[in-house]
Amino acid sequence: MAFPNPPYAGSCLCGSVKVRVTALPLLTLACHCRACQKFSASAYSLTTMFPKDSFICSGELVQGGLRSPGRNHYFCKSCMNFIYSRVGDASPRVNVRTSILDNASSFAPFVELMTKYKMPWVTLGLPRGFEEFPDTDAELQSLFDGYASYLDAL
Ligand SMILES: [Zn+2]
Ligand SMILES: [Zn+2]
């Protein structure tokens, strides 16, 4: 497999937050929603989803975003780089911002989400796409399965 094996390391812009991941990613994605456009100050966000238990983060974090219940967005306290998010404290997954990973270029997005908000000049041409978010656990599982096969074929 040409895809790099774990562990993966990453850090924020200033280097005071460091992450380490000991598992293969579950899924890589680009999200075109308006919140991600604002969060990333760009056209879309890049996320690499890992099992929560495989993710270690050191350094001081602050919570940002809207701080709405069940949506936790963590940033470096010093340089304010967006590090990761979680959907609720009980989620078995963590959404790492792909760009902070040392080998970010290996984590090409597999699926794009919220394409109905896509900037009209963005063309990613990814294997999978959704106009909104996947609605069901079965759809999400099919993305995990599809991504695992995609990694195997690299
Ligand atoms: Zn920092
Ligand atoms: Zn989004």
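Where is Pro7 found? Pro7 lies in the segment before E1. The model is predicted. The largest nonpolar core has 30 residues.

- E1 and E2 run antiparallel and are joined by four bridges.
- Gly10 sits opposite Val19 of E2.
- Ahead of E1 comes the segment that holds Pro7. The peptide bond between Pro6 and Pro7 is cis, with omega about 5°.

- E10 and E11 pair in the parallel sense, over two bridges.
- Glu112 has Gly129, in E11, as its bridge partner.

- Seven elements of the core are strands: E2 (18-21), E3 (27-31), E4 (45-51), E7 (71-76), E8 (82-87), E9 (93-97) and E10 (111-113) each supply at least two residues. Helix H2 (137-153) also supplies at least two.
- E3 gives the most, with four residues.
- The residues with the most contacts inside the core are Leu27, Leu29, Cys31, Ile83, Val96, Ile100 and Val111.
- Val96 touches Val19, Thr47, Thr48, Phe50, Phe55, Tyr84 and Leu101, leaving aside residues up to four places away in sequence.
- One of these partners, Val19, is also the residue opposite Gly10.

**Ser54, between E4 and E5**

- Ser54 is placed in the loop between E4 and E5.
- Is Ser54 buried or partly exposed? Ser54 counts as partly exposed, because it has 18 C-beta neighbours inside 10 Å, whereas a buried residue needs 20 or more.
- Leaving aside residues up to four places away in sequence, Ser54 touches Val21, Thr22 and Ala23.
- Ser54 and Leu24 are 30 residues apart along the chain. Their C-alpha atoms are separated by 8.9 Å.

- Ala41 is not a glycine, yet it has a positive phi of about 50°.
- Ala41 belongs to the loop between helix H1 (34-40) and E4.
- Ala41 has 8 other C-beta atoms within 10 Å, so it is exposed. The cut-off for exposed is 12 or fewer.
- Arg67 also has a positive phi, near 50°, in a residue other than glycine.
- The loop between E6 and E7 is the place of Arg67.
- Arg67 has 9 C-beta neighbours inside 10 Å and therefore counts as exposed.

Note on methods: Residues are numbered from 1 along each chain as its sequence is written. Chains are lettered from A and ligands numbered from 1 in the order in which they are written. This is a predicted model: local features need pLDDT of at least 70, side-chain atom pairs count only at pLDDT 80 or more; totals for chains, interfaces and linings use all residues. A nonpolar core is a set of buried Ala, Val, Leu, Ile, Met, Phe, Trp, Tyr and Cys residues joined through C-beta atoms within 7 Å. Two residues are in contact if their C-beta atoms, placed from the backbone, lie within 7 Å. Two strands pair if DSSP finds at least two bridges between them.
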